[in-house]
Amino acid sequence: MQTKHMTAVLAVIILLLLGIVLLAGALDHTVTAALASEKSAVPIMAIETPAIAKPDKPQELWRITAYCGCATCCGEYANNRPEGKVVGAAGVELVQGVSCAARGLPLGTVVRIEGIGEFIVQDRTGKEQAEMYDNKLIDLYFTDHEAAKVFGRTNRAVEVLR
Ligand SMILES: [Zn+2]
């Protein structure tokens, strides 16, 4: 009778201990979860990356095209050729090998086109054409249409000199 009672008490004690262990485990889990949610509430900071050094010279290629003063190249502007002179937007007579048209650069700007030479912006390209190339378009002036056609078009590095 005495032994049976002792066994029952022991069983109760074991069950109680097991309960405490389980409860402690559950509590620990809750605390961990609370900490985790607290952590995720912290704003995510952007990782600072070292700035990449900008190249000294522009690396992006410009679109280089060619035109002359004819109606095919200039549209209605071809009707305005007093004394047969082709005068650009800058008000000066255009010269092959010197004059070019651009939009994103002020008139009078001197540019060096890689492998082609130096030119002065003395005319304006069409707005839509320039926008197609993000204003990185230079149209070289030629005295005749065939020469402009022979030149065709290319992509080159352009340096703004002054
Ligand atoms: Zn032409």
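Two residues are in contact if their C-beta atoms, placed from the backbone, lie within 7 Å of each other. The views below show a predicted model, in which local features need pLDDT of at least 70 and side-chain atom pairs count only at pLDDT 80 or more, while totals for chains, interfaces and linings use all residues. Residues are numbered from 1 along each chain as its sequence is written.

**View 1. The protein chain and its order of elements.** Among contacts in the protein chain between residues at least 6 apart in sequence, 65% join residues at least 24 apart. The protein chain has four helices and six strands, where helices (H or I, at least four residues) and strands (E, at least two) are DSSP runs numbered from the N terminus. Read from the N terminus on, these elements follow the order α-β-α-β-β-β-α-β-α-β. Of the 162 residues of the protein chain, 20% count as buried; a residue is buried if 20 or more other C-beta atoms lie within 10 Å of its own, exposed if 12 or fewer, and partly exposed in between, with C-beta atoms placed from the backbone.

**View 2. The closed barrel.** Six strands form a closed barrel that runs β1-β5-β2-β4-β3-β6, with mixed pairing. From one strand to the next the twist averages 50°, with axes taken as lines fitted to C-alpha atoms (for helices over the stretch in contact) and angles running from 0 to 180 degrees between N-to-C directions. Two strands count as paired if DSSP finds at least two bridges between them. Strands of a sheet pair through backbone hydrogen bonds, either parallel or antiparallel.

**View 3. Strand β3 and its two partners.** Strand β3 (residues 110-113) and strand β4 (residues 117-123) pair in the antiparallel sense over four bridges, and the bridge partner of Arg112 in β4 is Glu118. These two strands form a hairpin with three residues between them, and Gly115 in the turn has a positive phi of about 75°. β3 is also joined by three bridges to strand β6 (residues 154-160), again in the antiparallel sense. In β6, Arg112 stands opposite Glu159, while Ile113 has Val158 as its bridge partner.

View 4. β1 and β5 pair in the parallel sense over five bridges, whereas two bridges join β2 to β5 in the antiparallel sense. Asp139 takes part in both pairings, as the bridge partner of Thr65 and as the residue opposite Ala101.

**View 5. The largest nonpolar core.** A nonpolar core is a set of buried Ala, Val, Leu, Ile, Met, Phe, Trp, Tyr and Cys residues joined through C-beta atoms within 7 Å. The largest one has 23 residues, of which Tyr67, Cys100, Ile138, Leu140, Tyr141 and Phe142 touch the most other members. β1 (61-67), β2 (99-101), β4 and β5 (137-141) each supply at least two residues of this core. Leaving aside neighbours within four places in sequence, Tyr67 is in contact with Cys73, Cys74, Asp139, Tyr141, Phe142 and Ala148.

**View 6. The surroundings of Cys73.** Cys73 lies in helix α2 (residues 71-74) and counts as buried because it has 20 C-beta neighbours inside 10 Å. Not counting residues up to four places away in sequence, Cys73 touches Tyr67, Cys68, His145 and Ala148. Cys73 and Ala148 are 75 residues apart in sequence, and their C-alpha atoms are 9.5 Å apart in space.

**View 7. Val160 in strand β6.** Val160, placed in strand β6, is partly exposed because it has 15 other C-beta atoms within 10 Å. With residues up to four places away in sequence not counted, Val160 touches Leu105, Thr109 and Val111. Val160 and Val110 are 50 residues apart in sequence but 6.2 Å apart in space, C-alpha to C-alpha.

View 8. Most residues other than glycine have a negative phi. Asp134 has a positive phi of about 60° although it is not a glycine, and Asn135, also not a glycine, has a positive phi of about 65°. Asp134 is found in the loop between α3 (127-132) and β5, and Asn135 is placed in the loop between α3 and β5 as well. Asp134 counts as exposed because it has 11 C-beta neighbours inside 10 Å, while Asn135, with 14 other C-beta atoms within 10 Å, is partly exposed.
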